[in-house]
Amino acid sequence: MMKFTSDHEWIRVDQDSATVGITPFAQEKLGDLVFVQLPKLGAALEAGGAAAVVESVKAASDVYAPIKGEVIEVNQQVADDPTLVNSDPTGNGWLFKVRIGDRSQLDKLMDEPAYQKLIADSH
Amino acid sequence: MTAVQSPTQGSAQAAAPLKRTPLYDLHIELGARMVPFAGYEMPVQYANGILKEHLHVRAAAGLFDVSHMGQLAIRSRGGEVANAATAFESVVPVDLLGLAAGRQRYALLTNEKGGVRDDLMITRMDDRLHVVANAACKDADENYLREALKGTCDIERLDDRALLALQGPMAESVLTSVTPDVVGMRFMDVRAVSICAADCMVSRSGYTGEDGFEISVPLAAAEIVARKVLDNPHVAMIGLGARDSLRLEAGLCLYGSDLDTETTPVEAALEWSIQASRRAGGAHAGAFPGAAIILDQLKNGTPRRRIGLRPEGRAPVRHGAPLFADLQSRDPVGVVTSGGFGPSVNAPIAMGYVTSKCATAGAPIFAELRGERVPVRIAKFPFVPPKYKR
């Protein structure tokens with residue numbers, strides 16, 4: 001199951017854990033990434049709290065945690081090659097995984113049709 | 001995800017309707033992302049993106065629309081260009097009397113405190129001076145110059161002209177194939193040239209560190225000339241995003257970020273723009289706004305100095321980041337004024353100001369980044385070797 005935030009993060013749930021990244025729309029808006037700062041393993045994230053930073057040539061952007069959770073894995077590949085986020089934002093360009101801290105928070109996130117509508121409306 | 005830092009320079013001012021350059025339709029056709037910049041709707045990038053655009057300029061040739069910049073013609077009331085040069089020397093610490101016709105110079109428009117109102121390109125033509133000013137400063141510059149040169153010069157605002165920049169190692173072959181009239185020009189030469197039957201003024205200069213040209217062209221012919229240049233398969237249209245990373249790699253200042261009314265030419269390490277004739281003991285020394293302060297700083301130095309910075313990690317250090325001498329000290333020794341990623345350097349680069357006693361190339365200092373101090377090294381300008389055809 002994949003859910004989305006209004007800040008253009010996606011979260012994919014797999015049993016007790018979830019993977020987080022930025023959406024294709026977000027990477028397109030940012031342009032070529034040149035730096036990604038990932039959260040520290042074991043960091044306790046709160047829903048809506050700053051979790052990672054993605055930087056293009058021109059600007060730095062915060063990535064927020066869609067839900068509460070503990071960081072259990074980070075994608076070292078995107079730290080080494082930030083353009084992976086551009087080329088495959090919902091696949092190999094994932095950023096970090098969390099152990100789900102509050103499953104009910106997932107219900108407040110958008111499903112794919114709702115997110116696509118948000119993007120369409122923002123144009 | 002949201003932008004936590006974006007360029008402060010040139011952001012939209014008030015709610016005045018944005019102006020468009022004559023290349024607006026071309027920008028849209030080429031997939032430009034348009035942003036407000038100094039009152040204009042300008043292309044920050046095209047479909048290829050900033051990284052590829054930047055590298056294309058360094059490898060081949062890029063065409064920039066810089067029509068938002070101000071162009072002024074300065075003529076002496078009597079018609080003698082030497083008199084206009086003399087008059088204009090009263091507002092810039094630059095030798096214009098000694099500037100030959102058809103030559104251009106970089107100049108700082110100073111204020112009484114020795115600060116910088118704007119940075120300009122000044123060309124001496126046979127009958128006039130031609131001045132190119134920053135978009136955000138052009139109205140204020142014009143008003144100031146009308147007052148400062150009152151009684152000696154007439155100032156004509158050239159709103160009927162666009163400005164294009166063609167930059168990169170292939171710029172010469174590209175422009176030569178469009179007009180043979182530019183053959184033999186060297187860095188900072190300026191010529192009246194016909195391109196696509198339009199009366200253009202071409203300078204061999206730019207703001208990327210590359211060889212290249214700037215083309216002042218009548219508005220009505222701007223799109224024709226731009227399309228003619230773009231017909232060459234080696235040329236790509238380049239947005240303001242890459243223009244910013246190119247000038248940063250070249251160690252060049254962005255007015256409003258790296259230069260302002262509180263910063264002197266000597267603090268900004270731009271004393272090379274002040275010729276010997278305008279310095280103490282020169283044939284027409286001083287007699288420009290802030291001369292006492294600037295001449296004193298040329299002799300005795302300044303408390304702070306503009307320097308290049310190379311962050312040691314991969315994280316870019318950006319505008320506004322405070323600089324510290326070490327990990328512990330409470331008071332900063334300086335601040336980053338421009339910073340980002342240098343695509344040709346393939347690493348983060350920045351420039352800023354530090355106290356002069358810290359301003360030693362190679363010295364390690366620290367920038368504060370998201371609450372942490374990260375090591376950065378003071379570096380010499382430019383970050384990439386300049387390619388000017390002197």
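Two residues are taken to be in contact if their C-beta atoms, placed from the backbone, lie within 7 Å. The contact draws 20 residues from chain B and 19 residues from chain A. This is a predicted model, in which local features need pLDDT of at least 70 and side-chain atom pairs count only at pLDDT 80 or more, while totals for chains, interfaces and linings use all residues. Residues are numbered from 1 along each chain as its sequence is written, and chains are lettered from A in the order in which they are written.

**Side of chain B that touches chain A**
- At least two residues each come from strand E1 (2-5), helix H2 (50-59), helix H7 (240-249) and strand E17 (334-342) of chain B, where helices (H or I, at least four residues) and strands (E, at least two) are DSSP runs numbered from the N terminus.
- The largest share of this side, four residues, is supplied by E1(B).
- By class, this side has ten nonpolar, eight polar and two charged residues (Ala, Val, Leu, Ile, Met, Phe, Trp, Tyr, Cys and Pro count as nonpolar, Asp, Glu, Lys and Arg as charged, and the others, Gly among them, as polar).

**Domains of chain B**
- Chain B is divided into domain 1 (24-68 + 160-249) and domain 2 (303-390), with bounds that come from an automatic or database domain assignment.
- The C-alpha centres of these two domains of chain B lie 30 Å apart, and 14 residues of domain 1 are in contact with 17 residues of domain 2.
- On the side of domain 1 that touches domain 2, H2 and H7 of chain B each supply at least two residues, and H2(B) gives the most, with four residues.
- That side of domain 1 has five nonpolar, three polar and six charged residues.
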